Amino acid sequence: MAALVALVQLDAAKSGKPSLIAVAVTSVAVWTQSAVAATASAVGNAGATIEEAPRLYADNADLRARNDALRSENDRLREALAAAPDAAALARVAARQDGIAATTIGYDPENASRTITIDRGSEAGVRRDDGVIDDDGVVGRVVETTPFTSSVLLLTDGASKVPAVVQRGRWWGIATGTNSRVRLEYVSQDARLTVGDAVVTGEGRSFHAGLLIGRIAAVDHPEGALYQSAVVEPAVAFGRLGRVLVIRR
Amino acid sequence: MNRLAPADVARTRAFWAANKPGETAAPAYVPDPPVWWHVALALAVALTLQASLAPFLALRGGTPPLVALLVAWYAIRTGSLRGFTFGLLAGAAEDALAGTTGAAWTFATALAGLGAGRLARTWLADMPLALVPGAAAFVLGRFGAFALVLQLEGRPLALPVAHLHAVLWQCALASLAALVLPRAFPALLGKRH
């Protein structure tokens with residue numbers, strides 16, 4: 001049996017596809033992981049709610065007042081939009097409808113690589129190299145799918161490389177993971193990068209252009225080097241990923 | 001298994017100290033396999049905890065090595081061959097849940113189980129405190145094997161290098177567990193000569 005397991009694993013590692021063991025384990029684990037993730041999330045939310053109740057009460061009154069103001073403004077803008085629809089905005093919304101909503105249910109058990117497991121796999125239409133985003137920006141890309149789950153390589157993993165553009169000057173670079181942050185590398189020396197510049201995806205294998213990666217936190221501009229680089233603070237909070245959207249390229 | 005005479009035990013230790021394991025060498029830990037479904041349940045719980053709560057349980061990046069400790073414990077209780085086989089299965093499950101490590105944890109955990117099972121037959125049983133550095137060595141050795149297998153698979157060395165500091169924290173957690181658990185639950189390690 002040991003030899004069989006070893007052979008199956010070796011064969012899968014060589015082919016780069018999930019082994020039968022991986023398919024079986026993830027298909028069973030998706031249920032328990034979903035339950036544990038939901039429970040942990042509920043417990044965390046309940047604790048946070050109790051802790052923040054007094055502040056929430058004050059915020060609630062404030063937000064009600066602002067909501068009234070925003071609602072009237074929204075009505076006015078809706079009327080304006082109906083009169084002159086923004087074609088680009090409508091196209092973006094239409095593109096998002098192709099996405100597959102998923103929930104984060106697991107992480108690398110050894111925390112060695114920056115990967116997450118989501119509860120949608122090939123049965124739901126997720127494919128290798130699909131991009132994954134959440135409300136804040138780019139999360140990563142799908143590196144492996146099984147029938148009911150997928151593994152997503154986070155933007156911060158050392159093996160993650162995404163074509164990126166500094167939004168202000170359209171300077172190109174490669175966003176590479178450093179385990180905790182992202183480093184924008186191979187940026188032309190004549191680019192005038194500044195702290196706070198937004199970095200978005202360039203057109204690539206997994207993403208369309210324009211999705212927010214993060215903002216520049218520090219610039220490394222060495223004299224005499226061919227390229228400069230920058231440290232990018234990711235827009236996404238990778239420590240508390242919940243709902244994500246798999247986008248088909 | 002019958003209790004050995006002190007002279008036999010001393011002879012066994014002498015064989016191992018000289019690194020010449022003779023055929024008459026007797027084990028220090030008597031094979032004492034736990035109930036199989038206890039082990040299966042413990043593995044399922046350890047895998048679920050690690051895979052679902054890893055970032056929340058992590059101490060400076062190092063998750064409590066529950067699966068590794070379980071394999072080490074099973075190897076001590078059953079011997080090197082079973083330790084190897086159980087390590088293979090537990091590692092395969094870890095690779096399945098990690099998704100990006102190929103078969104690296106499979107072989108690393110199997111080799112670590114083999115080593116723990118073999119050492120448990122010798123001086124580990126004579127010195128309970130040896131379990132403390134032993135647990136750290138187990139986690140570190142397993143990680144070394146993981147890095148080696150990744151290299152053999154043609155993957156970059158950047159992953160294990162970046163993860164090394166977290167593994168040192170895992171070693172500390174494993175040592176703490178090896179210090180506390182056998183004292184809290186003496187029956188955990190099974191029978192000894």
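Among the contacts in chain B between residues at least 6 apart in sequence, 69% join residues at least 24 apart; two residues are in contact if their C-beta atoms, placed from the backbone, lie within 7 Å. This is a predicted model, in which local features need pLDDT of at least 70 and side-chain atom pairs count only at pLDDT 80 or more, while totals for chains, interfaces and linings use all residues. Residues are numbered from 1 along each chain as its sequence is written, and chains are lettered from A and ligands numbered from 1 in the order in which they are written.

Figure 1. Along the sequence the pattern is α-α-α-α-α-α-α. Of its 193 residues, 46% count as buried (20 or more other C-beta atoms within 10 Å of a residue's own; 12 or fewer is exposed, and in between is partly exposed; C-beta atoms are placed from the backbone). The mean pLDDT of chain B is 81, and 79% of its residues reach 70 or more; pLDDT is the predictor's confidence in each residue, from 0 to 100. For the model, ipTM is 0.74 and pTM is 0.73.

**Figure 2. The crossing of helices H5 and H6 of chain B.** Two packed helices are described by the angle between their axes and the distance between the axes. The axes of H5(B) (residues 104-120) and H6(B) (residues 131-152) come within 8 Å and cross at roughly 145 degrees. Axes are lines fitted to C-alpha atoms, for helices over the stretch in contact, and angles run from 0 to 180 degrees between N-to-C directions. This crossing is right-handed. Residues of H5(B) in the contact include B:Trp105, B:Phe107, B:Leu111, B:Gly115 and B:Leu119, and those of H6(B) include B:Gly134, B:Phe138, B:Arg142 and B:Phe146. By class, the contact has 13 nonpolar, four polar and one charged residues (Ala, Val, Leu, Ile, Met, Phe, Trp, Tyr, Cys and Pro count as nonpolar, Asp, Glu, Lys and Arg as charged, and the others, Gly among them, as polar).

Figure 3. H5(B) is mostly covered, with 16 of its 17 residues buried. The end C-alpha atoms of H5(B) are 24 Å apart, in agreement with the 24 Å that its 17 residues should span at 1.5 Å a residue; the expected span is 1.5 Å times one less than the number of residues. H6(B), with 22 residues, reaches 30 Å from its first C-alpha to its last, close to the expected 32 Å. After H6(B) comes B:Gly154, whose phi is positive, near 85 degrees.

**Figure 4. The contact between chains A and B.** Each partner is represented: 35 residues come from chain A and 35 residues from chain B. On the side of chain A, the elements that give two or more residues are helix H1 (2-15), helix H2 (20-83) and strands E1, E2 (115-118), E4 (138-145) and E5 (150-154). H2(A) provides the largest share of this side, ten residues. By class, the side of chain A that touches chain B has 19 nonpolar, 13 polar and three charged residues.

Figure 5. Chain A has three helices and twelve strands, and its C-alpha atoms fill a box of roughly 70 × 55 × 40 Å, taken along the principal axes. Of its 249 residues, 37% count as buried. A:Ile100 lies in strand E1 (residues 100-107) of chain A. A:Ile100 counts as partly exposed because 19 other C-beta atoms lie within 10 Å. Leaving aside neighbours within four places in sequence, A:Ile100 is in contact with A:Arg120, A:Ala124, A:Gly125, A:Val126 and A:Val246. The C-alpha atoms of A:Ile100 and A:Arg248 are separated by 8.3 Å, although these residues are 148 residues apart along the chain.

**Figure 6. Two loop residues with positive phi.** Most residues other than glycine have a negative phi. A:Asn111, which is not a glycine, has a positive phi of about 60 degrees and lies in the loop between E1 and E2 of chain A. A:Asn111 is buried, because 21 other C-beta atoms lie within 10 Å. For B:Arg60, phi is positive as well, near 50 degrees. B:Arg60 lies in the loop between helix H2 (36-57) and helix H3 (66-78) of chain B, and is exposed, with 10 other C-beta atoms within 10 Å.

Notes: Helix = DSSP H or I, 4+ residues; strand = E, 2+ residues; numbered from the N terminus. Left-handed = near helix turned anticlockwise from the far one by under 90°.
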